[in-house]
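Me: Happy to go through this one with you. Could you take my questions step by step and end each reply on the value or name I ask for?

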Amino acid sequence: MTDAHDGPDAAHRVPEGVDDATVEALGKLSEGLEVVEHARGLLYGFHRLTGMADLTIGESVELFRKAGRDDVADRIERDVVGRNAIAGRWSFQIVEDYDDGYYDTLRAAEREAREQLAAGRRHLFEAGMKEDRRTHGLAHHEATPADVGEDVPPRDA
């Protein structure tokens with residue numbers, strides 16, 4: 001099968017007048033955003049786990065009471081259940097501060113840089129990497145999904 005495209009689709013082609021250094025800088029900015037997306041996912045995991053822990057600890061309080069250990073239950077309920085994760089904040093407030101501050105600011109800056117410098121196109125650096133690394137004309141190395149022929153067997157076949 002021959003490639004229907006000589007490279008990336010229109011959405012991933014470097015616009016005229018955009019130099020390699022700009023594409024590299026946009027790629028690095030995008031990479032930073034990807035790291036922040038991962039961090040954000042971990043932060044949401046922290047939020048969920050912290051909430052689950054609080055509920056579970058609350059259940060332990062009830063079990064201590066059933067066991068006749070009201071002194072232990074009272075202390076845990078007073079000092080731990082419902083406690084802020086950090087000063088003045090439950091985990092949902094930490095997530096909201098992160099989202100509304102750092103995360104939203106970075107996303108807007110990345111989007112504005114792409115719009116200003118590359119007609120809004122995403123992943124130009126990665127599209128260039130794909131072109132450099134793929135084997136042109138070989139199944140499973142097509143430039144775009146539209147280039148995949150029906151005669152190409154699944155990779156696991």
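This is a predicted model: local features need pLDDT of at least 70, side-chain atom pairs count only at pLDDT 80 or more; totals for chains, interfaces and linings use all residues.

Me: Is H123 buried, partly exposed or exposed?

Reply: H123 sits in the loop between helix 3 and helix 4. Its phi is positive, about 55 degrees, although H123 is not a glycine. The relative accessible area of H123 is 35%, so the residue counts as partly exposed.

Me: And A119, is that residue buried or exposed?

Reply: A119 is also placed in the loop between helix 3 (91–118) and helix 4. A119 has a positive phi of about 55 degrees without being a glycine. With exposed meaning over 50%, the relative accessible area of 58% makes A119 exposed.

Me: How far apart in space are V72 and V61, C-alpha to C-alpha?

Reply: V72 is found in helix 2 (residues 70–79). V72 has a relative accessible area of 32%, so it is partly exposed. In sequence V72 and V61 are 11 residues apart, while their C-alpha to C-alpha distance is 7.9 Å.

Me: Now the whole chain: what is its radius of gyration, and why is the chain called more spread out than a compact globule?

Reply: The chain has four helices and zero strands, and from the N terminus on the elements run α-α-α-α. For 157 residues the globule rule gives 15 Å; the chain is well over that, so it is more spread out than a compact globule, with a radius of gyration of 26 Å.

Me: What share of the residues counts as buried?

Reply: The C-alpha atoms fill a box of roughly 75 × 45 × 20 Å along the principal axes. The chain exposes about 11100 Å², with 54% of it supplied by carbon and sulfur atoms. Of the 157 residues, the share that counts as buried is 22%.

Me: One last thing: how far apart do the centres of the positive and negative side chains lie?

Reply: The chain has 20 positive and 34 negative side chains. The distance between the centres of the two sets is 6 Å.

Technical notes:
Residues are numbered from 1 along each chain as its sequence is written. Side-chain values use heavy atoms; hydrogens and water are left out. Helices (H or I, at least four residues) and strands (E, at least two) are DSSP runs, numbered from the N terminus. The radius of gyration is taken over C-alpha atoms; the globule rule is 2.2 Å times the number of residues to the power 0.38. Buried means under 20% relative accessible area, exposed over 50%, partly exposed in between (1.4 Å probe, protein chains only). Accessible areas come from the Shrake-Rupley method with a 1.4 Å probe; for residues, only the protein chains shown count as cover. Lys and Arg count as positive and Asp and Glu as negative; His and the chain ends are not counted. The place of a charge is taken as NZ of Lys, CZ of Arg, CG of Asp or CD of Glu.
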